[in-house]
Every structure is written in structure tokens, then in C-alpha cells.
Amino acid sequence: MTRSTAPHEIVERALELSRADGCVAIADEESTANLRWAGNTLTTNGVTRGRTLTVIATVGGARGTASGVVSRSAVTAADVEPLVRAAEEAARSAGPAEDARPLVEGVPASPDFAEAPAETSSAVFASFAPALGEAFARARAEGRELYGFAHHQTVSTYLGTSTGLRLRHDQPTGTLEVNAKSPDGTRSAWAGRATRDFTDVDPRELDAELAPRLAWAERQVELPAGRYETLLPPSAVADLLIYQLWSSAGRDAAEGRTVFSRPGGGTRVGERLSRLPLTLRSDPHAPGLEAAPFVIAHSSGDDASVFDNGLPLAATDWVRDGELRHLLTTRHSAELTGLPVAPGIDNLILDAGGTASLEEMVAGAGHDGPALLLTCLWYIREVDPATLLLTGLTRDGVYLVEKGEVTGAVNNFRFNESPVDLLSRAAEAGRTERTLPREWSDWFTRAAMPPLRVPDFNMSSVSRGV
């Protein structure tokens with residue numbers, strides 16, 4: 001078996017070699033293409049290929065079923081059997097798995113399971129690259145410098161089990177990030193986009209978006225820490241709510257350890273979290289945000305179980321019309337908590353029915369005192385899981401809004417806020433649009449969010465970072 005061996009054959013071979021009571025084999029075939037640029041000049045480009053095989057062995061015993069998980073990259077013919085044996089040994093050496101459940105069965109096979117994996121290449125940038133050159137020329141002529149990168153990845157996942165599942169999913173993921181800087185480096189602005197194939201993103205549009213932001217920053221205003229009326233763009237909203245989703249394990253909530261725990265016991269499912277008609281949802285079939293329609297779990301944790309591999313996924317409302325409806329659960333944690341089974345899905349959408357653009361929301365802000373327009377957040381960290389209090393920094397442009405107009409740029413801040421609390425205080429939500437989370441773009445890119453207006457966002461201290 002060589003690198004050219006089809007991924008589905010690797011899966012079949014691993015299952016054939018297994019001596020465990022149960023076995024799951026997951027082959028991930030990955031290809032990437034990228035472009036990087038600095039100072040209005042393309043600097044590097046490249047294409048890579050990779051393959052990873054994960055084998056999950058389950059072994060029954062007098063005290064219950066144990067699981068062993070082993071993953072290796074660049075798998076060759078000589079690697080498959082040792083990998084399978086290592087997974088079996090890991091299972092035999094482990095104690096009973098708390099999340100053990102019968103492996104999923106009865107899911108119809110993917111019709112393309114035996115077909116070649118999808119691959120990306122530099123051709124994905126065929127129309128994007130010339131447009132990037134035009135953006136360079138315009139930026140150079142107008143006295144700004146563009147830095148950034150475009151990255152495209154395609155992962156074909158082949159999942160097979162000893163219970164007969166043969167499933168396959170192709171996941172394309174593209175990101176575009178552009179920083180515009182003044183020639184002296186004192187002013188900077190960022191814009192990003194997520195895409196499946198680079199046919200729907202235009203670097204010239206991002207440059208046109210960044211040019212006025214650099215102009216706004218020509219006037220610098222110092223503001224102290226405090227609570228300000230603040231406009232959060234979709235990217236910043238996504239970063240906060242993705243962290244909220246990651247922190248919404250049903251079992252943790254039922255055990256009293258999270259912001260979703262009900263005082264006195266149980267969870268807050270059924271409680272109203274926002275006065276706005278906000279709906280936070282995930283849907284594997286959402287147009288433009290398509291994600292795997294079945295569970296792909298390379299390891300077990302609070303919100304995932306290797307025993308659930310292949311379990312079909314359906315559209316899930318985490319919050320509906322402001323009311324908490326679901327928390328993340330596996331089959332095991334659902335049984336423990338009495339909550340419905342609701343595995344994680346690799347996209348997130350917030351909608352409140354708003355129609356206003358961010359520009360229109362700016363026009364309605366700053367009439368009762370200074371307001372802030374953010375660009376993005378970064379270095380987000382958890383302070384208190386009981387309230388989901390987060391801290392982090394603003395980055396690449398915080399703008400002063402006075403009487404409906406942007407009048408300059410202000411210093412950066414450190415913030416202290418809980419996304420759950422923000423939802424309860426948000427006064428307005430605009431039009432939902434696809435966005436790229438800045439902080440979590442290496443892990444989570446499929447998001448659609450509206451801008452939010454918060455009347456009293458907590459800027460806890462001044463930061464001198466860029």
C-alpha cells in the first residue's frame with residue numbers, strides 16, 4: 001500500500017485487520033494551496049498533500065467496553081497493521097470507557113465512498129490572483145500597503161466501521177485575510193472572508209473596505225477605560241459566540257460547572273437569554289456553510305464521543321427566539337442529563353431578523369455620547385466558566401462614532417465580557433452575513449452573524465497593542 005492507494009482501501013484494510021470487538025477507521029486526505037503577500041508584493045505560494053489514519057478499537061470486558069485511539073500521518077502499507085494493533089493494545093490497557101455505546105449502524109453508505117478524494121491546487125486562485133494584482137496596484141497608487149494571505153484546504157474524510165458504515169465527506173475551506181497599513185506602519189486595518197472556492201471573494205473589495213478605515217485613523221483620540229455603546233461587527237460576534245458554543249456541553253451544565261447550569265440543579269434549557277428574537281443555530285446543509293452531515297470524532301471529550309462516529313446530524317437550534325433550546329450532548333451525556341442528543345456541527349449562524357447593515361447601524365450610534373466601532377477581537381481567554389466571562393483585546397482599528405459618523409480612531413482596549421450576558425443586553429442586531437472569525441479562523445470558519453449594538457460594552461483597561 002503506497003501513498004497512491006485509495007483512502008477507502010486504507011479504511012477497508014484497517015477494518016479487515018482488526019481483531020477487536022468493534023473498530024472505526026477514519027482516513028483524512030488533505031490538500032492545501034496558499035498565497036502570501038507583503039508590501040503589495042506576492043511573496044510565497046505553495047501546495048501540500050497529507051494523509052492521516054485514525055483507528056478506534058473497542059474491546060468488551062467484565063466491567064464494560066474500553067476504547068483505544070491511535071492516529072498517524074503519512075500512512076504506508078507497513079504502518080496499517082501496527083497502527084491497528086496499537087489501537088487494540090490501547091483499548092486493552094484502558095479502563096471501561098464511560099461514554100461506551102454500541103457503534104452506530106444502519107446509516108446508508110455514501111455513494112461516492114470508493115471514489116478518489118477531492119483535491120485543491122493553485123488553480124483555485126485562477127481568478128483571484130489577477131484581482132489581487134489589481135488591488136496591489138491601486139493600494140500602491142493611493143499610498144497604502146497590503147499584507148495578508150489566502151489559504152484553501154480540502155479534506156476528504158472516509159469513515160468505516162465494523163458495523164458496516166461506509167461514509168465519506170468532502171470539506172473545502174478557504175480563508176482570505178488582508179491587512180492594510182500606512183507606509184509608516186502607524187495605522188492598520190484588517191478585513192477577512194471565508195469561502196469554499198474563492199469564486200465569491202474579491203481582494204479589490206477588501207482593499208476598498210480598508211481604505212476609508214485607514215483614513216479614519218488619521219485622527220487619533222485617546223479614550224479611557226469604561227463602558228461604551230459599542231458596535232460589534234459580524235467577525236467579533238462570531239468569535240464570542242463560537243466560544244459560547246464550545247462552552248455549552250450539556251453534561252458540564254447539568255453538573256453545575258458552567259454558565260448554562262441552573263442554580264439548584266439541572267440546566268438552563270428553556271430559559272430566555274435575550275430580549276431580542278435571536279436564533280443561534282447550526283445546520284450541516286446551510287447554503288455556503290455546508291459541513292459534515294454525520295459525526296466525525298477522532299477522540300472523546302465532554303462534547304464528543306468516538307462511539308458516535310457516523311451518527312447523522314440534523315439542523316439544531318441552540319437558541320430559538322431568545323430561548324435556550326439545546327446544549328451539546330453525545331448519546332452518553334444525553335442519557336445522563338435527560339437532554340436530547342445534540343452533537344456539535346461545524347458551523348454557526350445567528351439571526352434576529354434584522355435588515356440593517358453595519359453602516360446603517362453606525363448612523364444610529366453615538367447620539368448620546370461617544371460610541372465605538374470595533375474591527376475584530378483577539379487573544380480571547382476564559383476568566384470564569386461559571387459566568388463564561390471572557391477577556392481579550394481589540395485589534396486593527398477601534399473607531400470613534402459621534403452623532404452617527406466615524407470621526408477618528410481611538411486606542412485599543414482590553415475587554416471583559418460574557419457572550420451570554422451580551423446576548424441579554426444587546427439592543428440591536430443587524431443583517432446576518434457570512435463572516436470569518438478572526439481569533440478562531442484556524443479551527444472554525446463557517447459562520448454567519450449580524451453586527452450587534454451593545455449599549456454598555458465593558459472596556460476594562462486601555463491596551464497599547466496594535
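Author: A pocket is defined on a 1 Å grid over the protein atoms alone as an open set of points where a 1.4 Å probe fits, with protein on both sides within 12 Å along at least five of seven lines; lining residues have an atom within 4 Å of a point. Grid points are joined across faces, edges and corners, and a volume is the space filled by probe spheres set on the points. The model is predicted, so that local features need pLDDT of at least 70 and side-chain atom pairs count only at pLDDT 80 or more, while totals for chains, interfaces and linings use all residues. Residues are numbered from 1 along each chain as its sequence is written, and side-chain values use heavy atoms, with hydrogens and water left out.

The second largest pocket holds about 540 Å³ of space. Its lining comprises 25 residues, and those nearest the centre are Glu209, Arg213, Leu358, Glu359 and Glu433. Two or more lining residues come from each of strand S6 (188-195), helix H4 (203-216), helix H5 (234-246), helix H8 (358-363), strand S13 (371-384) and strand S18 (433-435). Here helices (H or I, at least four residues) and strands (E, at least two) are DSSP runs, numbered from the N terminus. By class, the lining has 13 nonpolar, five polar and seven charged residues; Ala, Val, Leu, Ile, Met, Phe, Trp, Tyr, Cys and Pro count as nonpolar, Asp, Glu, Lys and Arg as charged, and the others, Gly among them, as polar.

The loop between S6 and H4 contains Phe198. Although Phe198 is not a glycine, its phi is positive, at about 70 degrees. Phe198 is also buried, with a relative accessible area of 1%; buried means under 20%, exposed over 50%, and partly exposed in between (1.4 Å probe, protein chains only).

As for annotation, UniProt lists "domain: Metalloprotease TldD/E central" at residues 124-213 in an unreviewed entry. UniProt positions follow the numbering used here, feature names are shortened, and annotations may be inferred rather than shown by experiment. The span 124-213 is 28% helix and 46% strand, and its end C-alpha atoms lie 29 Å apart. The unreviewed entry also places "domain: Metalloprotease TldD/E C-terminal" at residues 226-460. Over residues 226-460 the chain is 16% helix and 34% strand, with end C-alpha atoms 6 Å apart.
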